[in-house]
Amino acid sequence: MGIGFLRGSWVAIITPFNKNLRVDFDAWNRLLDLHLAVGTDGIVVCGTTGEGATLELEEKRELMKIARKKTNGLINLMFGAGSNDTTQACIQASEAASMGADAILSVTPYYNKPPQNGLITHFKSIAEVTELPVVLYNVPSRTGCNLLPETVAELAQVKNICGIKEASGNLDQVQQIISLVPEDFSVFSGEDALNLPIMICGATGTISVTANVAPDLMKHFNDACKRNDWEKAKSIHYKLLPLHKAMFVETNPLPAKAALSEIGLISEYTRPPLCNADSKTHKLLKKIISSFGEMS
């Protein structure tokens with residue numbers, strides 16, 4: 001089932017913390033204001049970049065509640081409801097609508113390394129407990145588990161499994177997925193450095209880490225792709241490419257948080273076992289940010 005809002009420029013938003021490692025809701029509101037100002041199409045809340053693995057369920061509820069009230073329908077919200085425990089993933093998915101989510105992002109189970117049949121059972125179980133659109137999330141480098149194109153095609157037949165964030169870094173795999181799924185199934189690039197070729201191959205949008213730092217340019221990039229203005233899209237992509245790469249010189253979201261702290265939007269705190277980015281990363285990000293001029 002195709003869902004029209006599952007396209008365009010989405011941000012895999014960070015979760016800001018204060019020095020006590022509690023959620024910094026003042027900074028959260030500043031980040032939401034930024035995305036409202038530039039017209040970001042959608043926000044993924046409590047995903048990998050949002051350190052969802054170390055957020056308490058009540059914190060997730062509050063982040064979603066504030067985001068829903070602040071955006072007031074102007075930006076669509078996707079809730080990161082994944083887990084390596086199918087039961088826990090279903091519990092989170094079943095609550096997502098009441099939290100204000102428009103859709104769910106569900107990552108492949110990490111650590112367990114399930115076979116493809118196990119993945120099919122896992123995602124079908126999640127889809128059964130919610131009426132919200134479910135977007136699959138494939139990121140083998142973090143999960144040790146690859147959702148194969150044929151598996152995606154089978155899951156795409158489920159009524160409310162409506163898209164995938166593909167972050168395998170494998171362009172051939174992305175092309176296979178696009179060739180196998182229904183035309184209205186949303187395919188998001190989840191690999192910023194490959195955004196341009198993935199969009200040219202037929203993806204419908206990006207779920208981006210870079211959009212934390214340069215949301216305006218990511219919006220312009222997606223809008224250019226939507227118009228089939230590939231020269232404009234190419235120009236923006238290559239302007240952003242150093243930043244795309246810098247976002248992953250250390251574990252995500254460390255560089256994104258470092259960049260946002262350099263800009264002055266957040267304080268740079270992460271929850272253990274993560275830590276702050278090192279001085280080399282800060283130096284690199286300062287150089288890239290200065291090359292952009294004022295970034296919004």
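What is the volume of the second largest pocket? In this predicted model, the second largest pocket has a volume of about 280 Å³. Residues are numbered from 1 along each chain as its sequence is written, and side-chain values use heavy atoms, with hydrogens and water left out. Because the model is predicted, local features need pLDDT of at least 70 and side-chain atom pairs count only at pLDDT 80 or more, whereas totals for chains, interfaces and linings use all residues.

A pocket is an open set of points on a 1 Å grid over the protein atoms alone, where a 1.4 Å probe fits, with protein on both sides within 12 Å along at least five of seven lines; lining residues have an atom within 4 Å of a point. A volume is the space filled by probe spheres set on the points, which are joined across faces, edges and corners. The second largest pocket is lined by 18 residues, and those closest to its centre are Val-139, Ser-141, Arg-142, Glu-191 and Phe-248. Its lining divides into 6 nonpolar, 7 polar and 5 charged residues (nonpolar: Ala, Val, Leu, Ile, Met, Phe, Trp, Tyr, Cys and Pro; charged: Asp, Glu, Lys and Arg; polar: the others, Gly among them).

The largest pocket has a volume of about 630 Å³. Its lining comprises 29 residues, with Thr-48, Gly-52, Ala-53, Thr-54 and Tyr-110 nearest the centre. Two or more lining residues are given by each of α2, α3 (86–99), β4 (103–107) and α5 (140–143), and the largest share, 3 residues, comes from α3. By class, 14 residues of this lining are nonpolar, 11 polar and 4 charged. Helices (H or I, at least four residues) and strands (E, at least two) are DSSP runs numbered from the N terminus.

Helix α1 (residues 25–38) and helix α2 (residues 57–71) have axes that come within 10 Å and cross at roughly 40°. Axes are lines fitted to C-alpha atoms, for helices over the stretch in contact, and angles run from 0 to 180 degrees between N-to-C directions. The two helices are therefore oblique to each other (under 35 degrees is roughly parallel, over 145 roughly antiparallel, 65 to 115 roughly perpendicular, and the rest oblique). The contact (heavy atoms within 4.5 Å) involves residues including Trp-28 and Leu-32 of α1 and Leu-63 and Ile-66 of α2.

Helix α1 also packs with helix α9 (residues 215–226) at an angle of about 35°, their axes being 9 Å apart. Leu-34, His-35 and Val-38 of α1 meet Pro-215, Asp-216 and Lys-219 of α9.
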